[in-house]
Amino acid sequence: MKRQNLLFIFWGVAFTSVALYWGVARLIGGHPISFTPGPCSEPLTYTIGDIDTRFGISENEIHAAMKKAGSLWSDATQKTLIKQAEDEGKILVRFVYDEEQEMADNELRARERIRSEQGVLDNMQARYDRDRESFDRRSERYLDLAQQTTRELDTLNDWIREINSRGGFTDEEKKEYEQRKAEVEVLQKKVLDERAALDLKARNINRKIDRINEMIDANNLLIDRYNDEFAGENRFTKATFQRTQNGGIITVNQFLSKSELPLVLAHEIGHALGLNHVSNPNSIMFSKMGAQQIYPSIQLSEEDTQAILNRCGL
Ligand SMILES: [Zn+2]
């Protein structure tokens, strides 16, 4: 008997790289700013105006986001630069829902779908890894058993040859031969059974791999569609700052998530404080959104800090 190898081929998993383009630049507001309120001598005050209920955000949440956004600038200068007005503030912050927010909501849904599909995929992949590990261990045991069987068979054959060369088997030896032959046959049967079991397992695992690959394809398609539909640069404006006689108006038209809102507000507050756009894409005062750090917390860039320090004459 020859040593048996597993004859089935185990296909490598074709995990294609999943390209996610979340950080695609979007316009915050390409508006020239000439507003110069002399911001650092006393805090700019703000009032929250109309909030379209379709944003699903409360006034308290907006205050919290404004506080977070304002503190970025205040911390950099060690001065309170903006605070909530007791009566009517110089800056009006309002939330005007339009189709852009609807698009943002659709975008968010598309993202969530992609994420949840990826979660399912990750689970499947983890299960596959476990199956594959247990398969590999069992396959090793199978090979050991097959080798052992081959050795026993060789030993038996050596013994038979030896006896044959001595002129053949005695009745006693023949009895021993029958017994040893039966033992080897038991082992051979075990090897064949194990081989069949492993074949079945391999087929199941291969089916899982096919399914995972199908899901990866489907998810890549979702991502392609997402990128086609939502990743256009400069496609829409999120918020604007308009200068008025006494102060200004921050109008938020959309935001993707409540963790993104402070970034949008920080940018517009920057304008309200008299800052212009800066050139580093990581900056809050960069003209487009996308490259700025949001997690674990929003940060001013070196250029943002320099800009506010210059603005305040510090
Ligand atoms: Zn801007």
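Two strands pair if DSSP finds at least two bridges between them. Helices here are DSSP runs of H or I with at least four residues, strands are runs of E with at least two, and both are numbered from the N terminus. With that settled, 5 bridges join strand 5 to strand 6, and the two run antiparallel.

Before going on, a word on what we are looking at. This is a predicted model, in which local features need pLDDT of at least 70, side-chain atom pairs count only at pLDDT 80 or more, and totals for chains, interfaces and linings use all residues. Residues are numbered from 1 along each chain as its sequence is written.

Confidence, then. pLDDT is the predictor's confidence in each residue, from 0 to 100. The chain has a mean pLDDT of 77, with 83% of its residues at 70 or more. Helix 1 has the highest confidence, at 95, and strand 1, residues 26-27, the lowest, at a mean of 27. Over residues 1-37 the pLDDT is below 50, and this stretch has 74 contacts in the model beyond near neighbours in sequence. A contact means that the C-beta atoms of two residues, placed from the backbone, lie within 7 Å. Residues 232-236 also stay under 50, with 6 contacts beyond four places in sequence. Where pLDDT is low, the predicted coordinates should not be read in detail.

Which strand does strand 2 run parallel to? Strand 2, residues 44-51, is joined by 4 bridges to strand 4, residues 91-95, and these two are parallel. T47 stands opposite L92 of strand 4.

Angles run from 0 to 180 degrees between N-to-C directions, and axes are lines fitted to C-alpha atoms, for helices over the stretch in contact.

Helix 1 and helix 4 pack at an angle of about 50 degrees, with their axes 8 Å apart. That makes helix 1 oblique to helix 4; under 35 degrees counts as roughly parallel, over 145 as roughly antiparallel, 65 to 115 as roughly perpendicular, and the rest as oblique. Among the residues that meet are A65, M66 and W73 in helix 1, and L261, L265 and I269 in helix 4. By class, the residues of this contact are 10 nonpolar, 2 polar and 1 charged. Nonpolar covers Ala, Val, Leu, Ile, Met, Phe, Trp, Tyr, Cys and Pro; charged covers Asp, Glu, Lys and Arg; the others, Gly among them, are polar.

Last, helix 1 (residues 59-77) and helix 5 (residues 302-311): their axes come within 9 Å and cross at roughly 70 degrees. That makes helix 1 roughly perpendicular to helix 5. Here W73, A76 and T77 of helix 1 meet T305, I308 and L309 of helix 5. This contact divides into 4 nonpolar residues, 2 polar and no charged.
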